[in-house]
Amino acid sequence: MPSGFPPDRRWGLRVVQAAVLVAFLVSWEAGSRLRWLDPFFFSRPSSVAERVARWFATGEVYGHISVTALETLLAFLAGSFLGVVVGFAFAMSPALSRVFDPYVKVANAMPRIVLAPIFTLWFGLGVLSKVAFGVTLVFFVVFFNTYQGVREVDRNVLNNARMLGASDRDLVRHVLLPSALVWILSSLHTSVGLALVGAVVGEYLGSARGLGYLIQQAEALFDTTGVFAGLVVLAGFVLAVDLLVSFVERRLLRWKPPSHVEEVL
Amino acid sequence: MKLASPPGTCAVRLRACRRSFRTPDGGVYVALDAVDLEVRAGEFVALVGPTGCGKSTLLNLVAGLLAPDAGQVEVFGSPLEGINRRAAYLFQQDVLLPWKTAEENVMLGLVFRRLPREEARRQARAWLERVGLRGFENRYPHQLSGGMRKRVALAQNLIVNPEILLMDEPFAALDVQTRQLMENDLLRIWQEERKTVLFVTHDLEEAIALSDRVVVLSAGPAARPVGEFPVDLPRPRDVTEVRLDPAFGELFRRIWELLRGEVLRAFRISA
């Protein structure tokens with residue numbers, strides 16, 4: 001593995017990484033107990049752990065996790081689909097891309113968060129408004145990567161496929177789409193991350209369920225422990241999603257030379 | 001092996017072909033002009049010329065990837081429109097699809113012809129074996145050496161059983177030993193299949209060692225054939241041994257006399 005650490009020394013790395021976390025938690029806990037940190041504003045790790053444990057014990061957190069997961073998944077799928085379709089259309093039709101170029105640039109430059117209230121008005125407080133918000137974030141990443149991927153296909157590779165008898169549909173299926181897929185996959189971490197950001201921020205701004213809602217509720221009650229507990233659950237969720245993405249990526253990019261696949265520690 | 005087409009017929013004929021390109025500064029560059037060329041069915045013709053003389057352009061005209069501005073390309077007697085369906089094209093560059101295995105790359109042409117997958121796979125395996133790559137079916141291109149990738153590309157082209165094989169400096173990027181092995185393999189396969197071959201190279205020794213006829217192209221702009229030399233060295237040949245034949249040296253001198261002038265002219269134009 002190109003991690004820079006031989007296998008026997010990777011354990012050493014893990015120990016150091018764990019030590020950093022333990023040191024952080026211990027000094028937080030001590031600071032809070034010795035009143036260097038006001039527990040009302042900073043809570044303490046033991047209270048946070050207790051709260052997280054209670055959430056899982058009573059099962060009340062599962063509903064929130066599953067709503068956020070659903071929103072993330074839908075935003076990712078819808079955003080990617082639209083991004084691929086529009087990216088392809090733009091790459092294949094120079095006229096189309098020339099006409100829409102300024103609008104795409106403006107739409108991409110705009111801070112998407114201002115759209116959240118509008119989406120709440122249009123789609124209500126439920127899942128749909130969060131998905132719409134996530135789509136606006138995911139779409140552009142996938143769109144630009146698809147566009148780039150299709151445009152960057154080597155002329156000779158295309159001509160070779162043509163000489164071998166490829167129809168236009170064959171070219172799309174066997175050459176252009178896989179080539180774009182490489183680019184899309186290379187941004188998979190980013191686009192899934194943005195889908196999650198869309199879901200959580202959307203929930204935070206107005207909803208009745210989800211991890212963003214959980215954190216927002218605690219905050220409204222000045223419940224610092226609840227906010228941190230929400231963050232811990234969210235961090236665990238993000239980590240799980242990221243591991244899943246890495247796994248998918250490694251499966252789909254098996255054909256790549258190893259130096260090109262970024263190894264996630 | 002059956003012959004690809006009856007001998008003696010004309011596989012490729014270019015009549016007064018002209019092709020120009022727009023230059024970035026808005027001008028027009030005439031790459032080829034007044035090109036007449038005939039390649040008989042089953043013949044191995046090598047095309048040599050100084051760099052930038054339009055050899056690849058000529059090949060692209062025959063492939064149908066480019067259309068001539070003036071003149072006509074005929075394939076087995078009928079004018080060519082669009083892609084030349086009776087030809088395969090071995091490119092100088094690496095054109096294998098990196099996300100497909102060697103076997104899947106070789107299958108490609110059959111997949112495009114809607115052959116059943118299993119049949120395509122069976123033929124691809126057989127072809128990989130013929131080019132000496134048995135056991136490498138499931139390797140991806142990046143796991144193969146440059147020479148192996150060329151072999152895969154050769155199998156990829158031959159599996160569609162083309163009547164004409166166009167080759168654009170296919171072995172230029174290989175080291176000398178690998179290159180001679182590939183050249184011998186090409187000759188062996190050609191001997192069995194008797195395809196019509198149009199082989200572009202800037203290496204005169206390679207041209208003589210492989211071909212039945214060497215055509216010299218003048219320096220650009222407006223390049224055209226300026227000399228033809230039949231190569232009557234005995235076949236089957238070994239590209240390393242044939243170079244030791246006195247007739248080889250004599251032929252080399254005669255062609256080089258003409259080619260040298262064109263190379264110098266090209267050098268003066270570009271310098």
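# A tour of chains A and B

Start in chain B by selecting B:Val214, which stands opposite B:Phe229 of strand 10. Two strands count as paired if DSSP finds at least two bridges between them. Strands (E, at least two residues) and helices (H or I, at least four) are DSSP runs, numbered from the N terminus.

Before moving on, note that this is a predicted model: local features need pLDDT of at least 70, side-chain atom pairs count only at pLDDT 80 or more, and totals for chains, interfaces and linings use all residues. Residues are numbered from 1 along each chain as its sequence is written, while chains are lettered from A and ligands numbered from 1 in the order in which they are written.

## Stop 1

## Stop 1: strand 3 of chain B

Select residues 44-48 of chain B. This is strand 3, and five of its five residues are buried. Buried means that 20 or more other C-beta atoms lie within 10 Å of the residue's own; exposed means 12 or fewer, partly exposed is in between, and C-beta atoms are placed from the backbone.

Which residues cover the two faces of strand 3 of chain B? B:Phe44, B:Ala46 and B:Val48 are on one side, B:Val45 and B:Leu47 are on the other, and all are buried.

Next, colour the partners. Strand 8 (residues 196-200) of chain B pairs with strand 3 of chain B in the parallel sense, over four bridges. Find B:Leu47 there: B:Val200 in strand 8 of chain B stands opposite. Strand 9 (residues 213-217) of chain B also runs parallel to strand 3 of chain B, joined by four bridges. Here the pair to pick is B:Val45 and B:Arg213, which stand opposite each other.

## Stop 2: the four-strand sheet of chain B

Move to the open sheet with the order 2-1-4-5 in chain B. Its four strands have antiparallel pairing. Strand 2 (28-40) and strand 5 (78-79) of chain B are at the edges with a single partner strand each, so one side of each has no neighbour in the sheet.

Select strand 1 (residues 10-22) of chain B. Nine bridges join it to strand 2 of chain B, and the two run antiparallel.

## Stop 3: chain A overall

Switch to chain A. How many helices and strands does chain A have? It has 12 helices and zero strands. Its C-alpha trace spans about 75 × 55 × 30 Å along the principal axes. Of its 265 residues, 32% are buried.

## Stop 4: helix 5 of chain A

Select residues 94-109 of chain A. Helix 5 has 16 residues and reaches 22 Å from first C-alpha to last, close to the 22 Å expected at 1.5 Å a residue. The expected span is 1.5 Å times one less than the number of residues. Zero of the 16 residues of helix 5 of chain A are buried, so the helix lies largely in the open.

Stop at A:Phe100. A kink of about 55° lies there, shortly before A:Pro102. The bend at a residue is the angle between axes fitted to the seven residues ending there and the seven starting there.

## Stop 5: A:Gly230

Select A:Gly230 in helix 12 (residues 224-252) of chain A. Is A:Gly230 buried or exposed? A:Gly230 is buried, because 27 other C-beta atoms lie within 10 Å. A:Ile215 is 15 residues away in sequence and 5.3 Å away in space, C-alpha to C-alpha. Leaving out residues up to four places away in sequence, A:Gly230 touches A:Leu211, A:Leu214, A:Ile215 and A:Ala218. Contact means that two C-beta atoms, placed from the backbone, lie within 7 Å.

## Stop 6: where the chains meet

Show both chains. 14 residues of chain A contact 19 residues of chain B. On the chain A side, helix 8 (155-163) and helix 9 (168-186) each supply at least two residues. Helix 8 of chain A gives the most, with six residues.
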